[in-house]
Each structure stands twice: as structure tokens, then as C-alpha cells.
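Could you show me around this model in the viewer? I would like to know what to select at each stop and what is there.

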Amino acid sequence: MNRNCSILHVEDDADDVYFVSRALRDSGIEFPVEVVNDGQSAIEFLERAGGRIRESEAVKPCLAILDLNLPHKSGLEVLQWIREQSTWKTMVVLVLTSSTSETDMHQAYSLGANAYVIKPSDATKLLELGQLLKGFWLGWNQMPPLIR
Amino acid sequence: MNLAQKTSESAVGASAFPAAGLQLGGDLQGRANEHFVCFFEDDESLVASVATFLGAGLGAGEGAIVIATPAHRQALAERLKANGIDVATLQSRGQYVSLDAAETLALFMGGEMPDETRFRDVIGKCVVDTPKGRSGLRAFGEMVALLVAQGKTAAALRLEQLWNELGEIHSFKLLCAYPMSRFREAARGEDFTRICNEHTCAFPAETFPAPGTYTERLRLVAELQQRAGALEVEVSRRKRAEEESRSREAYLQAIIDNTPECVKVVAPDGTLLSINNAGLHMVEAESVEQVLGISVFDLIAPECRDAFRAMHKCVCAGTKERLEYEIVGLKHTRRWVETHAVPIVDRHANQHVHLAVTRDISERQRADEAQRQLAAIVESSDDAIVSKNLNGIIMSWNRGAERVFGYKAEEVVGKPVTILMPPERMDEEPGILARIRKGERIEHYETVRRRKDGGLLNVSLTVSPVKDASGRVIGASKIARDITDTVRAKEKLEQVVAERTAQLRDTVAELEAFSYSVAHDMRAPLRSMSSYARFLELDFAQSLPDQGKEFARRITASAQRLDALITDVLNYSKVSRGEMTLEKVDVEKLTREIVDSYPDPDLQQSGAKILVQSPIPPVLGNVAALTQCISNLLSNAIKFVAPGTVPQVRVCAEKSADMIRISIEDNGIGISEEGQKRIFRMFQRLNPVDSFEGTGIGLTIVRKAVERMGGRVGVESTPGLGSKFWVELKRAV
């Protein structure tokens, strides 16, 4: 049984933000989705979220959808930071990027990403991804417990 | 006739001869027919003897016939007269007949021989007609001597015989006379004997001393035998000596004649006294007659005559001389000669003449000239030409070497060649010398040498062995070309090339990075465009009129095409510059996987049949690149079919040497020959866009990938009958 949590979407492209949120909504995921547009903001958000444990337990992100190509700090740097935080290091991170580079793939997995998905050129196909997220990651998969 | 007897006796004392014989005459006078022959040295003795002979008869009242030469007839008549015989009276009485020998001979000669009948007529008549005294008739005949003088010895003998035959009929005493001078040669001995044989008695010439008694005569004969014997021995010894002398002379002459150098003798006045065969050849004479006796100055070039004259004068004065001058032969050929002349004593004139040995030096001059030219060539060459002996000591040094190395010849000749080498190169010398000793040649050996001022220079050396006439290596000749400039230029060029290559590489890398990033960056907005168009279709399906739906669909279609293009460009980029590690790839398995996982909906729609034919041996390649190639080729095979045709594709392989050729055959529309040349190039499309979709990059990617894997790609096709694309890669072992 998964607690209530939010999904953190780190993405700088406005269109991609719309497509992902659409896919999540259309697949019936009701968790709130927090969107930040760059790497630095992502870190700051998590820092804040990590502090307010009591109030925002419900809205603490348990899943991050992370683009790699971000301004200020890259997705890989964010990932690295996440995995270094005691609070967040167990968080499920799903890399969603246009990069087909094997180097990026290797890096992402080495730094601890849970999945690596390449953005489809037809965003309507993201609906299927949303359904898979709901079914597996948020359904079958048990989220890691929160560290107090 | 006491007067006659007295006459004959006194006549006896007057001459040495037949007086001698006739004195002995006791045994002779008794006979009626006698045929004497006497030989004489000089005419006076002959006349005296004949006068004695005839006088004796005339004194006794006998008749006398004289058949002699006019001179002898006259002398005889005078002698008889001097002896007290009245020739004139006897002649008028017919008791003394004097006839001319030649005329009388002519009367009975028949051609070459005396005619017997006519002889009898002429001489016989004469013998009969001349009145005889009590004692008989005496005759003196010179006709035989005349015949012998004419060389008709046979006729003379025949005449003697005729006289003898006549003597058998009539009785008379005949005296013939021959001059001894006719019989001087040993060969005439036989004739002499024959003549003597025709006579009853032969009397020796007046030089024979008058012997007295029989024993004295015998002793005389013995002495004569000894003298004759001694003479014979002396003669044969002299003959032998002559032979030897002749043969030695012939040998010496042969030596001179065959001497290959010209040997000549020149008189003080310049006349050519003798010249040998080599000399004749040198002056272009055919025979010795052409030049003997001419002035030697005629054969000397005018400008050299004074020098020759001076030399000739010295030689004839008694000194040895030598001269080089030019001669002009009888056929006007000019040549340079060298002569060594010595004085010798001329055997006739007892003065010095000029004996010379002359040699044609044209060859030597030509060789000298050639050598001078070669030396000039070496000297004038810009390259350093240096020779050294087998100990590495410099023997010669040309002007080029002075210029290249900075040393003057006198500074380096005799020094070891290692003075030209910087320390780190000195160990080259033993190796070079060893190869030279073996007769090897070293060509274009690039190394470094040191100038006099210490500066280093790059040189290209060619070292050749120098051999003596017997082929033994005695040293080396070295040509050193200063290639410092060339070397520096080459280094500079290489540097420039390296820089440019690096620049090019950077540029190419930049371009590739650029194209990659551009293509990559194009993806995001394209994705947006494409996705919104789709959402438009999905979300507003009901409110959108058909036209609107159509527009949205077209946006999507275009976006997809652009996406395919970008994907291909990115693929090409990856295949061009991405890593291409090669490993053993199981192509058969890979192909089957590709076929099985083919996502293209067209595949199912078209009902295409793809046959992968075993065996397909493994190749050396890159999995990702090969996947790309096979996918592209299969995709083409299925795509390019005539409408309504079910695509049939066969994948198979052939082995050749160390390559594997993988073929993908289809039953598509085929490609024209012209098209086959273009299809592997970037963006080449053979068909209009609406007939068959495609970016025009697919085959370019295949070609690039295959080339980077070390292979080749090609096509065989006939329009309308399908195509066979082949990929050739190295066989994996």
C-alpha cells in the first residue's frame, strides 16, 4: 500500500511539461505533480521539502521524472545530489530524456537512476508510459519508506 | 824443212801450252787423225798455241785450214809471219786457207743443229781441195766455240761429232779451242766433259805449268787433285757460310719488317732510305716503292717541319733525340706520332744516318684528352666529389667539396675522412669501408656531416668502389650532395601537413559535432509539433471539420518525415564518427533477430517473405553498425516493389578468399545502370517522394558503415527484375 506522495517533474521544455502532465492525468494518476524547470530549482525544492517533514508528508515526492538536458544544473548532477541526500537517496528517479547517448545511459544508471526512458517523438504515446507508471511504479512497486 | 822444225821448236818455248802437249807429241804425231781440243784463258795464248800447231805442219809442208773469228785470223797470220812463215805465199798457193767462222757455220746450219749433208759438202770439200803436203792437213776451227758462246751446246757437240765422222773418211789433224771463261760455273762441268769426250786429247789452259817428265806430270796431277779437293771444300764452306749469313739477314729483316712500330732510316738530307711494314701502314703507302727515296719532310705536317729538321740535324750529328709531331699520310690522313731517333753509321757512306722508331700516339692523346675532360668534369661539379683509399684517408678533393665542406684541398688531402663526421656519426665509416671492400655501392645514403666551421649539414652520399686495372678495390669515390635545404623543406612540409591535418580533423570534428547537435536540437521542437498535431486530432476530433482533421494529419505526416530524416542524419553521424570496434559477429543470428523484431507495420501489411539462407559465416564487424546496414537493406528490399507485388527477399552468403559476401536479393522494381551509380550517395532518391517514402540517406549510411568496417558494398540490378545488394566484409576466424 503506497502512501500518498507527489511526483516531482524536472523539465525545462514547456511542451514536454504539458505532454507529461497530460499523460499522467489521462492515465488516471491523481498524485500532485510538482514541476521545476531547472536543476538548481529541483535541488532547492527538495531541500525545502526535506525540511518540512510534518506538514508536507503528503506532498513529499516519492517519484521524480528527470530530464537530463537542464539549465543551471544538469539532470545528472541533480541525480547525483539526490543520491547523496539521506532523505532522498531512496527516491525512485525515472530519467526521461531525448538523449540516446550510451554514455548518458551508463552515467545515469551508475549514479543510481531507476529507469531511463527516451522521449517518444509522438507524445500521444506518453499515455502508455503514464499507464505503466500507474500500474507498476505506483501500483505494484512499494515506494521506499520515508526516513524520519 | 829444218826451218819449219826449228820454228816449231822455237815456238814451243814461247808459250806455255799445247806447245807442252805437242812436244810430248811423240805418241801423237805418229797418228794421222787427231782431234784436239784446247782451252785458253786469254786470246794471246790461244793465238800462240794455234800458230805453233799450224806452224809445225806448214813447216813440214802440210796444209792448213783456219776457220776462225776475224780477229783471230788476223792475229794468227801475223803470228805465223813473225814465226817466219810466209803466209801470203802459202795462201796464194792454196796451202793456207783462212775462212770466217760465222759465215762458214751459216753455210751448213739447219736451224738449231748442223746439217750433216751440208757439212760434208762444205767442210768436206774444203778438206779435199786444200793440197796436202807429205805429212797431211792441219785445221783450226772456232765454229764450235761460237755455238757454245750462243748457248747451243748440243749443236756444238753435234758439230764435233760431224768432224769426227769426217775424220774417218779423210785424214787430218784438227784443233778446236774453247775459252775457259765459258765453263766457269760448276754446272758447265758436264758439257766440259762431253766436249772433251769428242776429242782425242784435251789440253789444259795456259795457266797450267809445262811439266817435264811423266813422273813430273803425275805429280802435277796429284797436286791438282789436292787443290781441286781443297777448293771444293772451301767452296762448300763458303756456300754454307753464305747460307747462314743469308738466313740471319732474312731473320733480322723479318724482325724489322714485323715490328709493330714504324722503323725507318733517314739520310742526312732527309731522304727515306728504308722503312718497315708498320711504317708503310702509318704513312698509308701500299708498297715500299711508293716512299723509298722520297724526302721524309713530304710526310711531315708543314707546321712541324722546323722542329723535325732541328731534331734530325742533332741526330745526324750523333745524339739521341725524341720528338712528337704530326704526319700526313699519302692519303692525307693526319696523325700525331712520337719518334725516338738514334744515329747509326751507314755502311756505304760511313756517316751517321737517322734510325727512328715511331709510334702513333693518337690513342694516347685521345685517352689523355678524355682524362683531362673527366678531371674537368669532376672539378667543375657543384657536388662534393671526394676519393679516399681503403684506410679512409682522403686522396682527392674537388672544388665542389671545398664549397660544401669549407676546407681547401690542401687542408684535407692525406687526412682521415672522419674529420668530416660529427662524433655521433663516426661509427658509420667502418661499415661503409667494409661494404666498399666487398665491391658494393652505397646509394643515396642520407646522413649528417660537419663543415670546417663546425656547422652540421645534411648530405646524401653515394659511395662507389674504385678498382685498379686488375679489378681489385683500391679505394672509394664519394659524391656528397648537400641536402640540408631539402631536408629542412621536407621537415617544414611535414610540419605544415601535420598542422593542416590536425586543423582538418578539428574542422571535421566540429562539423560532425555541429551536424549532430543541430540534428539533435531539431528533435525537440519537432516532437512538439508532431505531438500537438496528434493531440489536435485526438482532442478535437468531433469539433474539427474534415478539412481541419486533414490539415492536422498532414502536419503529423510531415513531422514524421522530418523525424525520419533527422534520425537518419544522426545515424549517419554516429556511423561516421562513432566508435567502430570490430569483433566477430554472427550475421545469420543478427539477421534473424532483425527480421523477427521488425517493427515496421509495412512488414505485416505487405506480407513480405524474408528468407535467411544458411549458412552465413561470421564476419569481422560492429554489431550496431551491421544492425543498421541490414535493417536499411531489408527495409529497402521490402519497400521498393511494384504495387501489388508481394515482396520476396532472400539473404544469403558467399565465401571468397578471406571475405564474406552477404547478398540481399529482392523482387522489387530494380535500378537502372545510371541509378546504380548514384544511389549510395547522400540524399540521392531515384523515385518521386509520393511513390516511395525515404530520406535518401539509408544507403549512404550502409556504405559508410561497411567502409568503416573495412568492407565494400555494391548492387546488381536490372530494372523490372529486382536487385541484389551485397555487402562484403572480412571473414571472422
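Start by selecting strand 9 (residues 262-266) of chain B, which is joined to strand 10 of chain B by three bridges, the two running antiparallel. Strands here are DSSP runs (E, at least two residues), as helices are (H or I, at least four residues), numbered from the N terminus; two strands pair if DSSP finds at least two bridges between them. Now pick B:Val266: its bridge partner in strand 10 of chain B is B:Leu272.

This is a predicted model, where local features need pLDDT of at least 70, side-chain atom pairs count only at pLDDT 80 or more, and totals for chains, interfaces and linings use all residues. Residues are numbered from 1 along each chain as its sequence is written, chains are lettered from A and ligands numbered from 1 in the order in which they are written, and side-chain values use heavy atoms, with hydrogens and water left out.

Last stop: select helix 21 (residues 587-596) and helix 23 (residues 623-639) of chain B, which pack at about 55° with axes 10 Å apart. Axes are lines fitted to C-alpha atoms, for helices over the stretch in contact, and angles run from 0 to 180 degrees between N-to-C directions. Show B:Leu590 and B:Ile594 of helix 21, among the residues that meet helix 23, where B:Leu626 and B:Ile630 are among the partners; contact means heavy atoms within 4.5 Å.
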